[in-house]
Amino acid sequence: VLGDRLEMTVHRGTVSLDISDSILFGPASAALSAEGLALLNELATVLQTLPYQLSVEGHTDNVPIQTARYPSNWELSSARAARVTRKLIEQGVAADRIRAVGYGDTRPRSDNDSAEGRAKNRRVTFVLQVETEPVSTPPLR
């Protein structure tokens, strides 16, 4: 239902949804765009129905930022994750199963040597902790 506005990755125990920062925010800002608000409203409708724990992770590229509001990429990524988290809670996602995390530029998806690579790194990732089958271990002797 969310179309090509996000990228889904499935790993053992988690499902990650990546949304480009350009959809959600303006440059060097944690204020949600109109398009970002609409997308989060749609996403919240889906997330409300799921029982999983959710991490909202803010990511940036490695280009340093230094503004009065955001002295580094850590503050910007954290502010973005917190803003998205707050919006999802306002839209009905249970606050006790969601958290906000800012990673700055420490978890790139691509290299930062090109504009395209930096654009891939500027994102918000939604990580759903899905249930997995318990791993059986042999009894201790």
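Trainee: How many bridges join strand S2 to strand S5, and do the two strands run parallel or antiparallel?

Mentor: Please bear in mind that this is a predicted model. Strand S2 (residues 14-20) and strand S5 (residues 123-129) run antiparallel and are joined by 7 bridges. Within this pairing, aspartate 18 has threonine 125 of S5 as its bridge partner. In general, the strands of a sheet pair through backbone hydrogen bonds, in either a parallel or an antiparallel manner.

The pair belongs to an open sheet of 5 strands, ordered S1-S2-S5-S3-S4, in which the pairing is mixed. Strand S1 (7-11) and strand S4 (98-102) each have a single partner strand and stand at the edges, so one side of each is left without a neighbour in the sheet. From one strand to the next, the twist averages 20°.

Helix H3 packs on this sheet and touches strand S3 (53-59), S4 and S5. The direction of H3 makes about 165° with that of S4.

Helix H3 (residues 73-90) also packs with helix H2 (residues 34-47), at an angle of about 55° and with the axes 9 Å apart. That angle makes H2 oblique to H3, and the crossing of H2 and H3 is right-handed. On the H2 side the contact is made by Leu37, Leu40, Asn41, Ala44 and Leu47, and on the H3 side by Val84, Lys87 and Leu88. Sorted by class, the contact of H2 with H3 has 6 nonpolar, 1 polar and 1 charged residues.

Definitions and conventions: Residues are numbered from 1 along each chain as its sequence is written. This is a predicted model: local features need pLDDT of at least 70, side-chain atom pairs count only at pLDDT 80 or more; totals for chains, interfaces and linings use all residues. Side-chain values use heavy atoms; hydrogens and water are left out. Axes are lines fitted to C-alpha atoms, for helices over the stretch in contact, and angles run from 0 to 180 degrees between N-to-C directions. Helices (H or I, at least four residues) and strands (E, at least two) are DSSP runs, numbered from the N terminus. Angles under 35 degrees count as roughly parallel, over 145 as roughly antiparallel, 65 to 115 as roughly perpendicular and the rest as oblique. A crossing is left-handed if the near helix is turned anticlockwise from the far one by less than a right angle, and right-handed if clockwise. Contact means heavy atoms within 4.5 Å. Ala, Val, Leu, Ile, Met, Phe, Trp, Tyr, Cys and Pro count as nonpolar, Asp, Glu, Lys and Arg as charged, and the others, Gly among them, as polar. Two strands pair if DSSP finds at least two bridges between them.
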